[in-house]
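Please open the structure in your viewer and keep the sequence beside it.

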Amino acid sequence: MEYQVIKSNRKTLSLSINDELIPVIKAPYFLSDNVIYNFVEENQKWIVNAVEKKKKYLQRVNISDDEMSELISEAKRIIPDKVKYFSNLMDLYPTGVKITKAKKRFGSCNGKNSLCFSCFLMKYPDKVIDYVVVHELAHIKHHNHSAEFYELIRKYIPDYKEYEKILKNE
């Protein structure tokens with residue numbers, strides 16, 4: 001199996017998959033090639049699963065300019081209405097709502113309670129989008145991922161864990 005090794009002044013081994021679907025091993029300078037090879041062999045199953053997951057991710061985010069424009073338009077049409085609906089329901093109001101082209105983060109809430117949502121959410125079912133909206137609105141009250149934060153989400157999206165799995169598996 002082909003893999004890339006990057007040695008640096010670090011203490012631990014790490015393994016990731018790059019956009020060319022090649023495993024990348026980050027290792028300390030002092031580690032022998034044999035130890036690195038054994039590490040790769042021991043992690044074959046993880047590598048196969050991670051490559052498949054990365055393929056799905058790349059298929060989702062590598063789109064044409066026209067497709068990107070369509071996603072942005074659709075997000076601008078749908079997400080603000082969902083934010084308004086859930087804001088009224090939860091009595092939590094953001095200072096702003098922005099649509100981004102973020103590929104790795106579906107939503108965020110900054111310290112000033114302004115929300116950002118990725119246009120790539122439009123590739124997911126409606127209930128998943130609802131979950132992300134509620135998740136980000138919940139950050140207005142709880143700027144963390146505490147038990148209270150998840151209790152607030154559960155109040156409006158009881159099966160939120162199902163939607164988290166959908167987002168994490170793609």
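**Aromatic rings**

Begin by selecting Phe86, which counts as buried because its relative accessibility is 7%; buried means under 20% relative accessible area, exposed over 50%, and partly exposed in between (1.4 Å probe, protein chains only). The model is predicted, so local features need pLDDT of at least 70 and side-chain atom pairs count only at pLDDT 80 or more, while totals for chains, interfaces and linings use all residues. Residues are numbered from 1 along each chain as its sequence is written, and side-chain values use heavy atoms, with hydrogens and water left out.

Rings of Phe, Tyr and Trp (its six-membered ring) pair if their centres lie within 6.5 Å; planes under 30 degrees apart count as stacked, over 60 as edge-to-face and the rest as tilted. By this rule there are 5 aromatic pairs.

Next, select Phe106 and Tyr124, an edge-to-face pair with 5.3 Å from centre to centre and 85° between the planes. Phe106 is in the loop between β4 (96–100) and β5 (107–109), and Tyr124 is in the loop between β6 (114–118) and α4, so the pair ties together parts that are 18 residues apart in sequence. Helices (H or I, at least four residues) and strands (E, at least two) are DSSP runs, numbered from the N terminus. Are Phe106 and Tyr124 buried or exposed? Both Phe106 and Tyr124 are buried.

To finish with the rings, select Tyr131, Phe149, Tyr150 and Tyr160, which ring pairs link into a cluster.

**Salt bridges**

Side chains of opposite charge can pair when their charged atoms come close. A salt bridge is a side-chain nitrogen of Lys or Arg within 4 Å of a carboxyl oxygen of Asp or Glu. How many salt bridges does a search of the whole structure find? The search finds 6.

Select Asp126 and Lys82, whose side chains meet in a salt bridge (2.9 Å, N to O). Asp126 lies in helix α4 (residues 126–141) and Lys82 in helix α3, so the pair ties together parts that are 44 residues apart in sequence. Lys82 is buried, with a relative accessible area of 12%, whereas Asp126 is partly exposed at 45%.

Move to helix α2 (residues 44–61), where Lys55 and Glu52 lie 3 residues apart, about one turn of the helix. Their closest N and O atoms are 3.3 Å apart in a salt bridge. Lys55 is partly exposed at 35% relative accessible area, and Glu52 is partly exposed at 42%.

Then select Arg154 and Glu151, a salt bridge with the closest N and O atoms 2.6 Å apart. Both residues lie in helix α5 (residues 147–156), and because they are 3 residues apart, about one helical turn separates them.

**A charged patch**

For the last stop, select Asp65, Asp66, Glu67 and Glu70, which form a negative surface patch. A patch is made of residues with over 30% relative accessible area and no salt bridge, like charges being joined within 9 Å; Asp and Glu count as negative. Asp66 lies in helix α3 (residues 65–90) and counts as exposed because its relative accessibility is 58%.

Note on methods. Patches are made of residues with over 30% relative accessible area and no salt bridge: like charges are joined within 9 Å, nonpolar side chains (Val, Leu, Ile, Met, Phe, Trp, Tyr) within 5 Å. Accessible areas come from the Shrake-Rupley method with a 1.4 Å probe; for residues, only the protein chains shown count as cover. The place of a charge is taken as NZ of Lys, CZ of Arg, CG of Asp or CD of Glu.
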